[in-house]
Every structure is written in structure tokens, then in C-alpha cells.
Amino acid sequence: MKQAYKTITGKVRRHNEDAAGIFKNQSGEYLAVVCDGMGGHQAGDTASAAALEIFKKEWEHESFPLLPEEARAWLINRIEKVNAAIFELSRQDVYLQGMGTTAVAAVCTPGFIAIAHVGDSRAYVFDEQGVYQKTQDHSLVNELRLRGELTEEEAESHPRKNVLTRALGTDKNVKCDASVMEWGKGEGVFLCSDGLSNKVTSLEIADLLQSRSSVEEAVERIVHKANDRGGEDNITIAAVINSFSMERRMQ
């Protein structure tokens, strides 16, 4: 599979509270993760880094191919594990109290992808027909939009857009959303923090990922496009494109 990720601090923030990675297990399957931390001085950094490290260790120890529902269950279980770990860290250190992080993760195999998330970091998929947002933001503004109290345009510019209704580590228990879908050669998935999705449209991202000679070059250009449009927040993306043929997927 073709894959790349990048995270930058942006032009305004002093610290990068985002974290991202793409990890390969012993069966050759990939896990892509994007986290966006929040909290007091450096607590957001701690929360997102801790979440990413747990995902990494757990995934690299997986040594067998996962079936679709197994991958979905794996993601839900690990998100619960990450939540418990961050919640406990925040209780042990007064400087970390109240910290938390968003998380969006995608298990990528030749035949399917499984996606799970908490918060407003997003997952999109794209193919020849278009690009589709696969996650719904766990935010106050998105809940108002879903209830019909805000239009799409009002939601995009709402002053409380960054208020989350769910995050990892802020409560003892957490509920995540998870789904599974098939995909084929040339189709892709990208995960991003709101520092990216607030500045670059999903269509622009998909077009760059499909038109560039390498996914690394595309990811680099996408991040810099968001930064050039203001860079008020940390900016992060992780992208995976399926390069397996149907014959390989069916083996």
C-alpha cells in the first residue's frame, strides 16, 4: 500500500498537540492514526502522544490477518484501552488534569478498511466517483446541525465549533463510532485533524492524493496548503492508498 503522514505546528501555536503515525503489523496490514490533544500546558501533547504509542504497540504485536468484524472490534477495544490509560494519567499528575485527545484510526487491509473515532478528527474515503466523509464530528456544533438547528454554512463558521462532546481521557468511559467497508485498488482513505479540515476541502485533498506522483508529495502539498491559508492550528494528515489488485485481495 502507498502511505504517508505529516504533522506540523502551524504558524500560530507554540506546541504541536497533534500526533500521527502509520504502522505495519506482522501480517503486512496497516493502521493509520491521527490524534489531536487538548488540555493545559503540554497536557495535550502528552495525551495525543500516549494515545499514539498505545495504538502503535498494540498493532505491531498483531501477527494474524483480521477479518472485518475482528478489525472493528479491535479498534473499539483499543480506543477503550487508550481512554482508560489517559484518564489514569490525568489523575496521577496535577499538571495533566483535564487533558484529553481526539482519535481517528483506520485498519487498512487489501480487501477492507475499518474506521473508528472519538472527537472531531475525521476520516474520509475516496475513489473514482468522489470523496466521502466517513465520520461525524463529536462536537456541539455538529449535534446542533444534525438536529436541524444550524445549517451547514452556519456550522462551518460557528464560534463554538471546537467544543467537543466526546474525547479520550476526559471521562472514565467513552463511546466510539466504528464501521467497516470494502475497498479496491486505487481507492484511498485519509485521516486528519481539524486544523487541516478547517482549511482545505475534502475534494482538494482527494484531488491532490490522486494526481501526484507519490503520496508523500501529495501529503506535503496538502499540509502546506492548509498552512498557507492561515495555519492557526496544528495541521495533520495520514493517508493510505490501496495498491492491491482484486486477485491479491481474494487470496
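Predicted model: local features only at pLDDT ≥ 70, side-chain atom pairs only at ≥ 80, totals over all residues.
Residues are numbered from 1 along each chain as its sequence is written, and side-chain values use heavy atoms, with hydrogens and water left out.

Helices (H or I, at least four residues) and strands (E, at least two) are DSSP runs, numbered from the N terminus, and two strands pair if DSSP finds at least two bridges between them. Five strands make up an open sheet in the order E2-E3-E4-E5-E8, with antiparallel pairing. Its edge strands are E2 (18–24) and E8 (177–182), each of which pairs on one side only. Direction ignored, neighbouring strands of this sheet are turned by 10° against each other on average. Axes here are lines fitted to C-alpha atoms, for helices over the stretch in contact, and angles run from 0 to 180 degrees between N-to-C directions. Strand E5 (residues 112–118) and E8 run antiparallel and are joined by six bridges; isoleucine 113 has methionine 181 in E8 as its bridge partner. Helix H2 packs on the sheet, touching strand E3 (30–38), strand E4 (100–108), E5 and E8, where contact means heavy atoms within 4.5 Å. The direction of H2 makes about 25° with that of E5.

Strands of a sheet pair through backbone hydrogen bonds, either parallel or antiparallel. Strand E1 (residues 2–8) pairs with E10 in the antiparallel sense over seven bridges, and isoleucine 8 has isoleucine 235 as its bridge partner in E10. E9 and E10 also run antiparallel, joined by five bridges, with cysteine 192 opposite isoleucine 237 in E10. E6 and E9 pair in the antiparallel sense, again over five bridges.

How well covered are E10 and E9? In strand E10 (residues 235–241), seven of its seven residues are buried, buried meaning under 20% relative accessible area (exposed is over 50%, partly exposed in between; 1.4 Å probe, protein chains only). In a regular strand the side chains alternate between the two faces of the sheet. On one side of E10, Ile235, Ile237, Ala239 and Ile241 are buried, as are Thr236, Ala238 and Val240 on the other. In E9, five of its five residues are buried: Gly188, Phe190 and Cys192 on one side, Val189 and Leu191 on the other.

The aromatic rings complete the picture. Rings of Phe, Tyr and Trp (its six-membered ring) pair if their centres lie within 6.5 Å; planes under 30 degrees apart count as stacked, over 60 as edge-to-face and the rest as tilted. The count by this rule is three aromatic pairs. One of them joins tryptophan 59 and tryptophan 74 edge-to-face, at 5.0 Å centre to centre with 80° between the planes. Tryptophan 59 belongs to helix H1 (residues 43–60) and tryptophan 74 to helix H2 (residues 68–92), 15 residues apart; both are buried. Tyrosine 124 and phenylalanine 190 form a stacked pair, 4.8 Å centre to centre and 20° between the planes. Tyrosine 124 lies in strand E6 (residues 122–127) and phenylalanine 190 in strand E9 (residues 188–192), so this pair ties together parts 66 residues apart in sequence. Tyrosine 124 and phenylalanine 190 are buried, and they are also bridge partners. Together with Phe126, Tyr124 and Phe190 form one aromatic cluster.
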